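User: Hi, I'm new to this one. Could you walk me through it?
Analyst: Happy to, let's have a look together.

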Amino acid sequence: MPNEEEQSRIAEINITNAKYSRTQTLKVTQAAFVPVLTVESTNLQFSIEGGAKSVVITSNLDYQVTKTADWLTVEKSGSGITISASAYTGDSQRAASVVVSNEKYSRSQTVNVIQFGIRDLITFEPNRVLVYTTSDNSVITPYSTSSFG
């Protein structure tokens with residue numbers, strides 16, 4: 001029977017031969033269970049288009065998954081979870097978290113999720129406007145022979 005406790009356990013087995021009045025004691029120690037629950041990524045970012053990202057979970061425990069926002073969906077997959085964010089048309093970035101936990105062993109890991117808003121795609125600097133594309137985060141810098149004023 002596996003030891004599911006976080007402490008080792010010890011048992012003694014007494015073997016007795018009544019005819020010769022001999023007893024031998026055998027001491028058996030079973031190692032403690034070491035609970036493991038880790039997530040590969042603790043921070044995820046999504047563009048305004050949303051999408052899905054996988055997070056690998058290493059665990060020898062059953063775990064539950066909770067989320068703090070309705071715009072996220074979370075599904076258990078083969079080696080972890082898939083976190084999906086819906087498309088977003090808001091101005092400012094939004095944030096949420098996904099918590100992977102096991103209550104019995106008091107273990108939890110948090111994945112922080114940020115989704116950029118429309119304002120995060122355009123930056124105004126002196127004499128230029130930076131426009132970030134959502135697919136590869138490249139920067140487009142407009143150029144003019146006249147100064148921006």
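Here is a short chat about what can be read from this model.

User: What sort of model am I looking at?
Analyst: This is a predicted model, so please read everything below with that in mind.

User: How many helices and strands does the protein have?
Analyst: The protein comes to zero helices and 13 strands.

User: What percentage of the residues is buried?
Analyst: Of the 149 residues in the protein, 26% are buried.

User: How big is the largest nonpolar core, and which residues have the most contacts inside it?
Analyst: The largest nonpolar core has 21 residues. Leu72, Ile81, Ile83 and Val111 are the ones with the most contacts inside it. At least two residues of this core come from each of S3, strand S4 (43-46), strand S5 (51-59), strand S8 (80-85), S9 and S10.

User: Let's zoom in on valine 111. What is it in contact with?
Analyst: Setting aside neighbours within four places in sequence, valine 111 is in contact with several residues, including Val39, Leu44, Val55, Ile83 and Ser97.

User: And serine 97, is that buried or exposed?
Analyst: Serine 97 is buried: its relative accessible area is 15%, and the cut-off for buried is under 20%. Serine 97 lies in strand S9. Beyond its neighbours within four places in sequence, its contacts include Thr66, Thr68, Thr110 and Val111.

User: Switching topic, how many aromatic pairs are there?
Analyst: A search of the whole structure finds one aromatic pair. The rings belong to phenylalanine 33 and tyrosine 105, with centres 5.3 Å apart.

User: Why is the pair tilted?
Analyst: The planes of the two rings are at 45°, so the pair counts as tilted; under 30 degrees would be stacked and over 60 edge-to-face.

User: Where do those two residues sit in the chain?
Analyst: Phenylalanine 33 is in the loop between strand S2 (22-30) and strand S3 (37-39), while tyrosine 105 is in the loop between strand S9 (94-102) and strand S10 (107-115). They are 72 residues apart, and the pair links distant parts of the chain. Tyrosine 105 is also buried, with a relative accessible area of 9%.

User: Which lysines lie over the face of a ring?
Analyst: Lysine 53 lies over the face of phenylalanine 46, at 5.0 Å from the ring centre. Lysine 76 lies over the face of tyrosine 63, at 4.5 Å from the ring centre.

Key:
Residues are numbered from 1 along each chain as its sequence is written. This is a predicted model: local features need pLDDT of at least 70, side-chain atom pairs count only at pLDDT 80 or more; totals for chains, interfaces and linings use all residues. Side-chain values use heavy atoms; hydrogens and water are left out. Rings of Phe, Tyr and Trp (its six-membered ring) pair if their centres lie within 6.5 Å; planes under 30 degrees apart count as stacked, over 60 as edge-to-face and the rest as tilted. Helices (H or I, at least four residues) and strands (E, at least two) are DSSP runs, numbered from the N terminus. Buried means under 20% relative accessible area, exposed over 50%, partly exposed in between (1.4 Å probe, protein chains only). A charge sits over a ring if NZ of Lys or CZ of Arg is within 6 Å of the ring centre and within 35 degrees of the ring normal. A nonpolar core is a set of buried Ala, Val, Leu, Ile, Met, Phe, Trp, Tyr and Cys residues joined through side-chain atoms within 4.5 Å. Contact means heavy atoms within 4.5 Å.
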